[in-house]
Amino acid sequence: MIRFQHLTLRRGPTPLFIDATLQLHQGWQIGLTGRNGTGKSSLLALLLGQLHLDTGELSMPGNQVIAHVAQETDPLPQAAIDFVIDGDYELRQLEHAIQKAELDDDGERLGVLHGELGAIDGYTAKTRAARLLDGLGIGNSAVQQPVSEFSGGFRMRLNLARALMCRSDLLLLDEPTNHLDLDAILWLEQWLKSYQGTLILISHDRDFLDNTINAVLNIEAGKLTLYRGTYSDFERQRAAKLEQQQAMYVKQQRERDHIQSFVERFRAKATKARQAQSRLKALERMQLITAAHIDSPFEFQFKQPEHIPNPLLGLSQVVAGYDQTVVIDTLNLTIQPGTRVALIGPNGAGKSTLIRVLAGRQLPLNGQYKPADGLNIGYFAQHTLEQLDHAATPVQHILRLNNEIREQDARDYLGGFGFQGDQAMEPCADFSGGEKARLVLALLIWQRPNLLLLDEPTNHLDLEMRHALTLALQDFQGAIIVVSHDRHLLRSVTDELWLVADRQVKPYDGDLDDYADWLQAYRAQQKKLEPGHETTETLISDNKSTVKLVDRKQQRQQQAALRKRLQPLTNRSRQLEKKLDRLSVRKQEIEQLLADASMYESDRQEELKHYLAEQTQISNDLELIETEWLTISEQLEELNNEG
């Protein structure tokens, strides 16, 4: 048990939290939440003994083993797998003792030590370390490489694997998903679910939190408050508290109404299709928890694009890759207004390559790139953070985009992104990764794009900024294509999943939960196809089913035939969706007119009759179109299942 009694911790003269008294029980999995700067990382440092409390008492079991992830790693010549095994300190101590006993020719001592080694699974250490590395995206071919040969992001994966290798009683993780892709995050979730010790986790990924924790420790207004349940449970409990504050009521209702409009607009599209159901559930959940974010410092929205050509962009017979290595083969693609797509697929399959080609930042190896006149792309990628002018302030960055506006207008706009007061006038050289990401997003949104191409836009963003970005993307009028490991964002703002794998890009008819299962089977397939396996037909058993993997050429032929059968139905479905959108918008306009009390005055009787008749006609049309759309959607689902 970890016990805080009247504990106060300060950063300089500023108190982070005051007079905290609570208990954290063994085996709890705790999410540590709070805005940036409230003291989350400082609390972990306190538990590690790296900081000292100001007043009060912190009591912890004296013999517990604590594991955490080092933030930096020297460029060591040591092999990656040996570096990871070093995380098991008890194992290394036993190995050292065995070496000493062998030198001393102490047979009795050797017997005892080998018994202890077996008791802690010491003989399987290399296998366990290799599994950790593989789960985090470092395959068998790389485990013997020196640590110095890995990039900074992959060294963080090595540090994480080393922490997981430790047979700890208390595991402290500070943003472990920052340097991971979706594949590795899904694996880490499963690993943490089976962890037997106490976990204290800082993360800005709400789905990751929901799937790994059973309690929340929230730092807010100088107080530490413990909530039992998942992160979603915490949001609902906090929302209930905020709803009781009358000063928040008006803003809360406005935000709820805003999200409700998206719920109603999308409800007509929600069928048996898994992705449609996932989006609807995400929207309804956002409506429930919006009160938990009413006091967010971030509030912004996309302005209507000046032009939205149709189509926006096309690719014809495009082959994409790098150094003549093909990662996407013969892609034909048309992006239309209203397209809202999430790109999914294994690490290295070509998602970022596709985004760069669509953005015009990378030339295809072959084929045609066809942008429309008036196309205005908003492209976000991690490298764009470093393209900021570090000597310039946020205000100067905005004024360079439009020198005709007033400085105060730029400051007002930037305030919605958290750049308030003096910070709007400070050079961005010393900004954190999150602050730079917010500034890049602010610059992108200012330019009123009609096509958004977002490659991991939530990296470095905290939960409040992610929530604000999700709301803004809901209201965006152009097209969106996004790569992200934030599943909440994907569920909330995208209507389609496109799977990038095996040099192909194709619609994926499941949802993100289905994708996790697909990924597991795909990994098993790839292992079977590694050198040493000569057949192109391999059986993969998962104790429930056996999946037959046919020759890839035959697969492509079958998929091409299926796409040909699907095309007429897909085209008709899109036509009906556009009609549903137009009619739903008009219905809302009429309902607003009919809500006006003056409409029922005697001199407006004819006008009232006209709108009532139009309302009835639209309701009938919506019912007919929705019925046809549902029928076509079911046909598409059946054909996809056959394929």
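Modeller: Start with helix α1, residues 40-47. Of its 8 residues, 7 are buried, so α1 is mostly covered. The buried ones are K40, S42, L43, L44, A45, L46 and L47. Just after α1 comes G49, with a positive phi of about 80°.

This is a predicted model: local features need pLDDT of at least 70, side-chain atom pairs need 80 or more, and totals for chains, interfaces and linings use all residues. Numbering runs from 1 along each chain as its sequence is written, and side-chain values use heavy atoms, without hydrogens or water.

Helices here are DSSP runs (H or I) of at least four residues, numbered from the N terminus. Now go to α7, residues 182-193, which holds A184. A184 counts as buried because its relative accessibility is 1%. Beyond its neighbours within four places in sequence, A184 contacts G135, L136, R157 and R523 (heavy atoms within 4.5 Å). H485 is 301 residues away from A184 in sequence, but their C-alpha atoms are 9.5 Å apart.

Helix α6, residues 152-165, packs with α7. Their axes, lines fitted to C-alpha atoms over the stretch in contact, are 13 Å apart at an angle of about 10°. The two are therefore roughly parallel, a term for angles under 35 degrees. R157, L160 and L164 of α6 meet A184, W187, L188 and W191 of α7. These contact residues divide into 6 nonpolar, no polar and 1 charged.

Conventions. Buried < 20%, exposed > 50% of the residue type's maximum accessible area, 1.4 Å probe, protein only. Axes fitted to C-alpha atoms, helices over the stretch in contact; angles between N-to-C directions. Parallel < 35°, antiparallel > 145°, perpendicular 65-115°, else oblique. Nonpolar A, V, L, I, M, F, W, Y, C, P; charged D, E, K, R; others polar.
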